[in-house]
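Work through the exercises below with the structure open beside you. Try each task before you read its solution.

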Amino acid sequence: MYRDLTEADAAALRAGQGLTAKAPGGTWGAAEHVANSGPGAGGAAANSPWISTSKRLDVARAYDSGHGVAMIDLNKVGSLQTEVWQTAPRVNGTAGLPYHRSIWGQEVTIYGTIPREAIIWPK
């Protein structure tokens, strides 16, 4: 799995820490996270306890904001992991955003945290 690193992600890795969701106490479900739309003000930054990863390096690189990309060993991630496309409605329009975005991004959505020992690179 691959994750484009935010500035906060890159700083956490440099400090020897793992990755943490933007809003660890947030209430959004995985489908709301993938759609980037759910209840509450402030969007994902204030409401999503999920972390996006992709099976495809090119997808992660497409989101790279200049802080690099990490490779993750999912076998070392103890928290809940889900592929939203497997349960999201397969419809068009706003209701289908979770399905379509999950498929396009080949996303595996991880709840809460990714421990440092699950990061293969960068070391």
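**Exercise 1: Ser48**

Ser48 counts as buried, at 1% relative accessibility. The model is predicted.

Task: Decide where Ser48 lies, and which side chain it joins in a polar contact.

Solution. 
- Step 1. Apply the cut-off: buried means under 20% relative accessible area. Ser48 has 1%, so Ser48 counts as buried.
- Step 2. Find the place in the chain. Ser48 sits in the loop between helix 3 (43-47) and strand 3.
- Step 3. Look for the polar partner. The side chains of Ser48 and His33 are joined by a polar contact of 2.6 Å.
- Step 4. List the surroundings. Not counting residues up to four places away in sequence, Ser48 touches Ala21, Lys22, Ala23, Gly26, Trp28 and His33.

**Exercise 2: Thr53**

Task: State whether Thr53 is buried or exposed, and find the backbone oxygen that lies 2.6 Å from a polar atom of its side chain.

Solution. 
- Step 1. Locate Thr53: it lies in strand 3.
- Step 2. Check the relative accessible area. The value is 3%, so Thr53 is buried.
- Step 3. Identify the oxygen. It is the backbone oxygen of Val108.
- Step 4. With neighbours within four places in sequence left aside, Thr53 is in contact with residues including Met1, Tyr2, Arg3, Ile72, Val108 and Ile114.

**Exercise 3: the largest pocket**

Task: Describe the lining of the largest pocket and name the strand that gives the most to it.

Solution. 
- Step 1. Start with the space: about 610 Å³ lies in the largest pocket.
- Step 2. Count the lining. There are 26 residues, and Arg3, Asp4, His33, Ser52 and Tyr63 lie nearest the centre.
- Step 3. Sort the lining by type: 11 nonpolar, 9 polar and 6 charged.
- Step 4. Trace the elements. Those that supply at least two residues each include strand 1 (2-4), helix 1 (7-14) and helix 5 (97-105). Strand 3 gives the most, with 5 residues.

**Exercise 4: the nonpolar cores**

Task: Find which members of the largest nonpolar core touch the most other members.

Solution. 
- Step 1. Pick out the members. The largest nonpolar core has 14 residues, and Leu19, Ile51, Ile72, Val77, Ile114 and Ile119 touch the most other members.
- Step 2. Strand 4 (69-72) and strand 6 (107-111) each supply at least two of its residues.
- Step 3. Look beyond this core. Another core, of 6 residues, lies apart from it, with Val34, Val84, Ala88 and Tyr99 among them.

Terms used: Residues are numbered from 1 along each chain as its sequence is written. This is a predicted model: local features need pLDDT of at least 70, side-chain atom pairs count only at pLDDT 80 or more; totals for chains, interfaces and linings use all residues. Side-chain values use heavy atoms; hydrogens and water are left out. A nonpolar core is a set of buried Ala, Val, Leu, Ile, Met, Phe, Trp, Tyr and Cys residues joined through side-chain atoms within 4.5 Å. Buried means under 20% relative accessible area, exposed over 50%, partly exposed in between (1.4 Å probe, protein chains only). Helices (H or I, at least four residues) and strands (E, at least two) are DSSP runs, numbered from the N terminus. On a 1 Å grid over the protein atoms alone, a cavity is a set of points where a 1.4 Å probe fits but cannot get out, and a pocket is an open set with protein on both sides within 12 Å along at least five of seven lines; lining residues have an atom within 4 Å of a point. Grid points are joined across faces, edges and corners, and a volume is the space filled by probe spheres set on the points. Ala, Val, Leu, Ile, Met, Phe, Trp, Tyr, Cys and Pro count as nonpolar, Asp, Glu, Lys and Arg as charged, and the others, Gly among them, as polar. A polar contact is a pair of N or O atoms within 3.5 Å; within protein, one must be able to donate a hydrogen and the other to accept it, and residues adjacent in sequence count only if both atoms are side-chain atoms. Contact means heavy atoms within 4.5 Å.
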